[in-house]
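Visitor: I am new to reading protein structures. Could you take me through one, step by step?

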Amino acid sequence: MDRPAESRLVYAGPDGSRHLLDLSPDLPRLTVGRAPTSGLRLGDDDEVSRLHAVIECVGAHWTIVDDGLSRNGTFVNGDRIVGRRRLTTGDSIRIGGTVMTYQEFGGEPVEATMVAANTPTARSLTETQRAILTALCRPYKHGAMFANPASNQQIAAELFLSVDTVKTHLRTLFGKFGVEDLPQNQKRVRLAERAMHSGIINARDL
C-alpha cells in the first residue's frame, strides 16, 4: 500500500513565531479548533470554532475536511471549502487569523521549498512596496475571515498614489513572492497570504 509523502504544516503563532507540525500516517486524524482537546489548538482566535476542521490521511493523501463544522469557514488558496479537499504541496490554508502552508518533502524539491527560497525579506522591499503590501492586506485586520485583498483603487486612495503606480509595484511584488504565474484571480490572495505568513506583514502593521 502506498504511504503518504512526508508532510507538515508550517504556520506563524500569534506572536509571529514560526511553528512546524509534522503529519504522520500513524496519527491519521488531526482536529483543528479552539477546544483544549484539539490536535492543533488555535485557542486565542475568536474566529475559530471549538471543532473547526479535520486534517485526515486518506489512502496516500492528506486532506482537510470542513463539513459545516466551523462557523466562519476554512479556506484553501483563498477559496472556502465545502466538504473534503485534497491537499497538495504549497497549499495555503486559512483558519481564523492563522495561515498555514502544507508541505510535502522527501526525494525531490517541492514547491513549498522553492516558494520559501523565493520569499523576499522585509529589507529587500522598498518603502513603497511595503506600504502597498500593508494596504493590500488591510482587509484581513482582526483575522477577518471573509475579507478579500484591497483593490488597486483602494490602495491608491489610501497611499495617494495613481492606480498605474500601484499596478506597477504589484507586478514587481508578484515576481518577488513567486506568484506571477498564478491565474490572475489568485495572485492577490496568494500575495497577501504569503506576505502575512512570512511575517513581512503582521497584525500590528494592519
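Guide: Start with one definition: an angle of 65 to 115 degrees between two axes counts as roughly perpendicular. Keep in mind that this is a predicted model.

Visitor: How are α4 and α5 oriented to each other?
Guide: The axes of α4 and α5 come within 10 Å. They cross at roughly 70 degrees. An angle of 65 to 115 degrees counts as roughly perpendicular. α4 and α5 are therefore roughly perpendicular.

Visitor: Which residues of α5 meet α4?
Guide: α4 passes α5 in a left-handed crossing. On the α4 side, the residues are Leu-170, Leu-173 and Phe-174. Their partners in α5 are Lys-187, Arg-188 and Leu-191.

Visitor: How many helices and strands does the protein have?
Guide: The protein has 206 residues, and 44% of them count as buried. Its elements are five helices and eleven strands.

Visitor: What covers the buried residues of α2?
Guide: The buried residues of α2 are Gln-129, Ile-132, Leu-133, Thr-134, Ala-135, Leu-136 and Cys-137. What covers them includes α3, α4 and α5.

Visitor: How is α2 oriented to α4?
Guide: The axes of α2 and α4 come within 10 Å and cross at roughly 90 degrees. That makes α2 roughly perpendicular to α4. The contact is made by Thr-128, Gln-129, Ile-132 and Leu-133 of α2, and by Val-166, His-169, Leu-170, Thr-172, Leu-173 and Lys-176 of α4. So the term for α2 and α4 is roughly perpendicular.

Visitor: How are α2 and α3 oriented to each other?
Guide: The axes of α2 and α3 are 9 Å apart, with an angle of about 125 degrees. α2 passes α3 in a right-handed crossing. Ala-131, Ile-132, Ala-135 and Leu-136 in α2 meet Ile-155, Glu-158 and Leu-159 in α3. Roughly perpendicular ends at 115 degrees and roughly antiparallel starts over 145, so α2 and α3 are oblique.

Visitor: Is Leu-170 buried or exposed?
Guide: Leu-170 is found in helix α4. Leaving aside neighbours within four places in sequence, Leu-170 is in contact with Ile-132, Asn-152, Arg-188 and Leu-191. Under 20% relative accessible area means buried. Leu-170 has 3% relative accessibility, so it counts as buried.

Visitor: How many Å apart in space are Leu-170 and Leu-133?
Guide: In sequence, Leu-170 and Leu-133 are 37 residues apart. In space, C-alpha to C-alpha, the distance between Leu-170 and Leu-133 is 8.3 Å.

Visitor: Is His-52 buried or exposed?
Guide: His-52 lies in the loop between β4 (40-41) and β5 (53-58). Leaving aside neighbours within four places in sequence, its contacts include Val-32, Glu-47, Asp-66 and Ile-95. The relative accessible area of His-52 is 0%, so His-52 is buried.

Visitor: Which backbone oxygen lies 2.8 Å from a polar atom of the His-52 side chain?
Guide: On the nitrogen side, the backbone of Ser-49 lies 3.1 Å from a polar atom of the His-52 side chain. The backbone oxygen at 2.8 Å belongs to Gly-73.

Visitor: Which side chain makes a polar contact with that of Asn-72?
Guide: Asn-72 sits in the loop between β6 (61-66) and β7 (75-76). At 11% relative accessibility, Asn-72 counts as buried. At 2.9 Å, its side chain makes a polar contact with the side chain of Glu-47.

Visitor: Is Phe-160 buried or exposed?
Guide: Phe-160 is in the loop between α3 and α4. Its phi is positive, about 60 degrees, although Phe-160 is not a glycine. Over 50% relative accessible area means exposed. Phe-160 has 78% relative accessibility, so it counts as exposed.

Methods
Residues numbered from 1 in each chain as written. Predicted model: local features only at pLDDT ≥ 70, side-chain atom pairs only at ≥ 80, totals over all residues. Heavy atoms only, no water. Helix = DSSP H or I, 4+ residues; strand = E, 2+ residues; numbered from the N terminus. Buried < 20%, exposed > 50% of the residue type's maximum accessible area, 1.4 Å probe, protein only. Polar contact = N/O pair within 3.5 Å; in protein donor to acceptor, adjacent residues only side chain to side chain. Contact = heavy atoms within 4.5 Å. Axes fitted to C-alpha atoms, helices over the stretch in contact; angles between N-to-C directions. Parallel < 35°, antiparallel > 145°, perpendicular 65-115°, else oblique. Left-handed = near helix turned anticlockwise from the far one by under 90°.
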